[in-house]
Amino acid sequence: MPLQSGNTAGNGQVLEADTKEERPRKWEVYKQILLVPIYAVFSRYTNRLRVFELKGGHYQELELPDSRVWIPDLSLGLGLWQGEFQGIDRVWLRWYDVDGNWILTEAEQQRQRAESAECRAQQTEAQLQSLILRLRESGIDPDQFLKG
């Protein structure tokens with residue numbers, strides 16, 4: 001017959017144990033089990049970023065003079081950014097690179113690619129118009145080449 005922990009009712013149902021074991025709190029899991037070296041907390045209500053570093057088995061809050069923290073193990077930084085994301089303009093938590101540039105979101109990357117493509121198209125059009133003008137100045141009719 002298998003052993004059961006806790007008290008049992010006459011029908012074999014396990015009743016709640018008399019002494020409840022407390023689950024470890026989130027901080028304890030992070031610092032004692034997962035050993036998370038950097039722990040960041042951002043309040044969207046106060047727009048405050050707090051960062052804690054695990055040192056000697058305890059989290060110590062870091063001083064953040066510019067609301068940013070560099071995380072060497074990730075080669076990334078985390079900081080507060082004011083701007084629009086998914087149609088909402090507010091303070092956001094955002095990653096930045098070694099040069100201090102914000103990591104672009106997918107939408108920002110797409111917009112940047114579109115702007116770059118538009119710029120290249122405009123440059124190509126300007127070069128074409130310049131070439132057509134030079135051909136005409138040289139006595140060559142570019143329309144002959146374009147038709148045939």
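Predicted model: local features only at pLDDT ≥ 70, side-chain atom pairs only at ≥ 80, totals over all residues.
Me: How do strands hold together in a sheet, and in what order do the three strands of the open sheet stand?

Reply: In general, strands of a sheet pair through backbone hydrogen bonds, either parallel or antiparallel. Here three strands form an open sheet in the order 1-2-3, and the pairing is antiparallel. Strand 1 and strand 3 (58-61) stand at the edges with a single partner strand each, so one side of each has no neighbour in the sheet. On average, neighbouring strands of this sheet are turned by 30 degrees against each other, if direction is ignored.

Me: Over how many bridges do strand 1 and strand 2 pair?

Reply: Strand 1 (residues 38-43) and strand 2 (residues 48-55) pair over six bridges, and F42 stands opposite L49 in strand 2. These two strands form a hairpin with four residues between them, where N47 in the turn has a positive phi of about 55 degrees. On the other pairing, strand 2 and strand 3 are joined over four bridges, with Y59 in strand 3 as the bridge partner of L54.

Me: Which strands does helix 1 touch?

Reply: Helix 1 (residues 26-34) packs on the sheet and touches strand 1, strand 2 and strand 3, while its direction makes about 110 degrees with that of strand 3.

Notes: Residues numbered from 1 in each chain as written. Heavy atoms only, no water. Pairing = 2+ DSSP bridges. Axes fitted to C-alpha atoms, helices over the stretch in contact; angles between N-to-C directions. Contact = heavy atoms within 4.5 Å.
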